[in-house]
Amino acid sequence: RAATTLGVPNYARVTWDDIGGLTAAKAEIMDLLREARAVHPQARFRRRSGVLLYGPPGTGKTMLAKAVATECDCAFISVKGPELINMYIGESERNIREVFERARAHAPCIVFFDELDSVAPRRGLGSDSGGVVDRVVAQLLAELDGMGGAGQAEEAAAAEADADRQRLVFVIGATNRPDLLEPALLRPGRFDRMVFLGVAESDAERRVILQAQLRQFLLAPEVDLTEVLAHCPPLMTGADMYGVCATAWLRAAKRTVAHEYHDGAAARPMANGMRTRNSDS
Ligand code: ATP
């Protein structure tokens, strides 16, 4: 079987400050982590359950999960639901087992399942040729149920090294459509905490997102954020706003290149735009 890059851990570097707004969601996640540490300080994640982040695309679910990994100083494994599904019998379940094995091997670790609805849709929805979805859901539930433990038998097993490592794995799921998820996933002990991430609703909320994103850029002094925001349509997601920054940067870069081409001049400050901090060096 070919080696797979599925579930390769990395040490995410998104920080809390990179995320603009989402104050309620951040607070909720921090509460969960505090709770986890308070119960069992030497194991970072004592809770046996996971968290489900849900909301429209581009609202910062992936960013938030990465920031949690940075905050907890642990490895981060990100898997997109469709990557797990394989047409060959038994492969999808094996993929899930391998993701959890890798997570334990790199513990403490956060496993992030993006597009969870595609790997574990409500049973009976659509076609499930060969029962792949049923088997995948069953495997996922088995892995989730195996993490940590609450009962006496599990407390005894917790003495074993492997069980200790399991406790150092915390699972975060994300979906745009929680209504499509297999309800068994949301039962206590599984993804039983749901955190909503929505679209910024006011200029003030959009401004903090923009300010967080602009930390990556050098802003020309004459750029007026109030004016920029006045041109932003409502219901822009964080991803849309990053698109505005990236487009502005690209235009500014093109203008600089044009200046240099015509004048043969060395790099000069831009009259009206942005440079990334890296490109400035
Ligand atoms: P999807 O559901 O499509 O997977 P998502 O909710 O996981 O989307 P992210 O991938 O976290 O969204 O966000 C996409 C990009 O949008 C980020 O890389 C970031 O540049 C920007 N972004 C989104 N929300 C925020 C935010 N609150 N603060 C700063 N940047 C944000």
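A residue counts as buried when its relative accessible area is under 20%, as exposed when that area is over 50%, and as partly exposed in between, with a 1.4 Å probe and protein chains only. With that in hand, welcome to this structure, which is a predicted model: local features need pLDDT of at least 70, side-chain atom pairs count only at pLDDT 80 or more, and totals for chains, interfaces and linings use all residues. Residues are numbered from 1 along each chain as its sequence is written, and side-chain values use heavy atoms, with hydrogens and water left out.

**Two exposed loop residues**

Asp73 is exposed, because its relative accessibility is 59%. This residue belongs to the loop between α2 and β2 (75-80), and its phi is positive, about 55°, although Asp73 is not a glycine. Helices (H or I, at least four residues) and strands (E, at least two) are DSSP runs, numbered from the N terminus.

Leu235 also has a positive phi, near 65°, and is a residue other than glycine. You will find Leu235 in the loop between α10 (225-230) and α11. Its relative accessibility is 67%, so Leu235 counts as exposed.

**A cis peptide bond**

Next, look at the step from Ala107 to Pro108: this peptide bond is cis, with omega near 0°. Pro108 lies in the loop that joins α4 (91-105) to β3 (109-114).

**Around the ligand**

The ligand is surrounded by 18 residues, and the closest are Gly20, Gly58, Lys61, Thr62 and Gln213. Here a residue is near a molecule if one of its heavy atoms lies within 4 Å of it. Sorted by class, this shell holds seven nonpolar, eight polar and three charged residues. Ala, Val, Leu, Ile, Met, Phe, Trp, Tyr, Cys and Pro count as nonpolar, Asp, Glu, Lys and Arg as charged, and the others, Gly among them, as polar.

| Residue | Atom of the residue | Atom of the ligand | Distance |
|---|---|---|---|
| Thr59 | polar backbone atom | oxygen | 3.2 Å |
| Asn176 | polar side-chain atom | oxygen | 3.1 Å |
| Gln213 | side-chain N or O atom | nitrogen | 3.0 Å |

Taken alone, the ligand exposes 630 Å², and the protein buries 78% of that; such areas come from the Shrake-Rupley method with a 1.4 Å probe. Which elements give two or more residues to the shell around the ligand? They are α2 (61-71), α9 (203-214) and α11 (238-263).

Technical notes. A polar contact is a pair of N or O atoms within 3.5 Å; within protein, one must be able to donate a hydrogen and the other to accept it, and residues adjacent in sequence count only if both atoms are side-chain atoms.
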